Amino acid sequence: MPPLESAVPLVQIPPVVDLEELYKTPPPAFGHDMLKLFGFDPEYVNLNNGSYGSLPLPVRLACDNWTTEIESNPDKFIRYKAHHLVNRARERIAQLIGADVDECVIVNNASHGIATVLRNFSFKEDDVLIGANTTYGSISKSLKYLGDIPPHPTVLTYGVHFPTTRETILEEFGQFIRKVREERDDSHQKRTFIAIIDAITSHPGVLMPWKEMVAICRDAGIYSLVDAAHSVGQELDLNLSEAKPDFWISNCHKWLYAKRGCAVLYVPKRNQHIIKSPIPTPVEYHSPQDEDYKGPQEFVRLFDWTGTIDHVPHISPIAALDFRAWLGGEHKINEYTHNLAIEGGKYLVKRFGTTLLDPEGSFTLSMVNVELPIPGEIKETAEALTLIRDTLCLKWNVYAAFFRHNEKWWVRCSAQIYNEV
C-alpha cells in the first residue's frame with residue numbers, strides 16, 4: 001500500500017464567492033454537477049457520507065467567516081454573540097424536527113449526547129439497560145462500561161437480523177420488552193429500565209420502525225433513548241412532539257451538511273429534571289448542597305457554557321439549512337438521494353452477482369446495503385477489516401462502510417446529491 005501522504009493529494013479549493021449573490025442564482029443539477037460545491041479530491045469517490053458527512057463549500061465559507069470574526073475578537077464573540085447564534089441554530093433545528101426550541105440543545109455528536117443522558121441517571125443494581133446487536137459500537141461499549149462499574153446495572157441485548165420485515169421487528173421487540181418487564185418486575189422496588197433504540201441503524205444502514213418501538217417502551221414503562229445519529233437531513237417528517245421519545249439525539253454533520261462535530265439533543269420538558277449536568281459540568285450547575293439552592297438550573301442554560309470549544313460547528317446548522325433551502329428543501333434532496341440509493345443498489349447487485357439486504361426498499365432511505373462477493377465463512381478479523389479498508393481507501397480512493405451481518409459481508413453505500421449511478 002502507498003504511504004498515506006502520497007494517497008491524499010492537496011485539493012484546489014474554488015475561489016471564494018459571495019453567498020448572497022450565490023443564493024440568487026439557480027443551484028447546479030444534482031449529480032456530478034454538484035461536485036463543484038464540494039471540496040473533494042477530484043480522484044476520490046465518496047460513498048461514505050453517512051460516517052463523517054461532507055461539508056459543502058458555501059457552508060464552509062459561512063463557517064470560515066464566523067471563524068474570522070471569532071479570531072478578530074474572541075472575547076467579544078464568545079461573550080456576546082455566540083449564545084445568540086447557537087440559539088438561532090436551535091430554533092432552526094427545532095422547527096425541522098418538530099420540537100419545542102427549549103427542548104433542544106447542541107452537543108458535539110450523538111455519542112456525546114447519549115453518554116450525557118445515561119450518566120445523568122442514578123442507577124441501582126437491579127436497573128436494566130437494553131441495547132441491540134445493531135447498536136452502534138461506542139454506544140454498545142458505553143452500556144457495557146456502565147454494567148462493569150458499581151452498582152452494576154444489568155445490560156441486555158435484543159437481536160435484529162436482516163433481511164426481515166417491520167412487522168417481525170415490532171413483534172420480536174415487543175415480546176422482548178414484555179419478557180424483560182415480567183421477569184424483573186418488582187412491586188417493592190422501582191427499577192429503572194432504559195432501551196437504546198436506533199432510528200436508523202449504522203450497520204446495516206436501515207430505517208427502523210422506531211416510533212412504534214418508542215410506543216412499545218412507553219406502554220411498558222421503559223425509557224426510550226433514541227440514537228438518531230443518521231436521521232436529521234435523511235429522515236423526513238420527524239415530528240418528535242408526536243412521536244414522544246423520552247430522549248432523542250441526531251448528528252447534524254452527517255446528512256444535514258453542518259460542520260463536524262455537531263448534534264442536537266432533544267429532551268422533552270417532562271424529562272428535563274433528569275438532566276442535572278452536561279459533560280463536562282458547567283459553571284451554571286446548581287448543587288443541592290448550596291446554601292441558596294432553589295432548584296436545578298433550567299435545561300437549556302445548563303448547556304450554554306461547558307468549557308471552551310470551537311463554536312462554529314454548533315452554529316453551522318444555520319448555514320447548512322440555508323444551503324439546503326437553496327437546493328430546493330428537504331423533500332427534493334431526499335427524493336434524489338433515496339432514488340439514487342435504490343438504483344445504485346440494483347447496479348451493484350448486478351455487478352457483484354449478489355443480493356440486496358432490503359430487496360423491497362422498505363428500510364431504505366439514502367443508504368443502501370449490498371452483499372459483497374466475499375465468502376460468509378470469512379470472519380470479521382482485524383486482518384480482514386484492514387485489507388478491505390486499505391484496498392478501498394488507499395488503492396482505489398473510494399470509500400463505503402463495510403460490515404458483516406447475519407453470516408454475510410455487506411457494503412453500505414451512502415447516496416448523496418453529488419453522486420450518480
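I took the domain assignment, automatic or from a database, and it gives domain 1 (80-321) and domain 2 (330-414). The model is predicted: local features need pLDDT of at least 70, side-chain atom pairs count only at pLDDT 80 or more, and totals for chains, interfaces and linings use all residues. Residues are numbered from 1 along each chain as its sequence is written, and side-chain values use heavy atoms, without hydrogens and water.

I looked up the spacing next. Over C-alpha atoms, the centres of domain 1 and domain 2 are 27 Å apart. The contact (heavy atoms within 4.5 Å) takes 28 residues from domain 1 and 16 residues from domain 2.

I then checked the buried area, meaning the accessible area (1.4 Å probe) that two parts lose on being put together, summed over both. Domain 1 and domain 2 bury about 2000 Å² between them, with 65% of it on carbon and sulfur atoms.

I looked for salt bridges (a side-chain nitrogen of Lys or Arg within 4 Å of a carboxyl oxygen of Asp or Glu). The count between the two domains is 0.

Last, I went to helix α6 (residues 110-119), a DSSP run of H or I with at least four residues. Ala110, Gly113, Ile114, Thr116, Val117 and Leu118 are buried in α6, that is, under 20% relative accessible area (1.4 Å probe, protein chains only). Strands are DSSP runs of E, at least two residues. The buried residues of α6 pack against elements including α7 (137-148), β2 (104-107) and β5 (193-198).

Note on methods
Buried means under 20% relative accessible area, exposed over 50%, partly exposed in between (1.4 Å probe, protein chains only).
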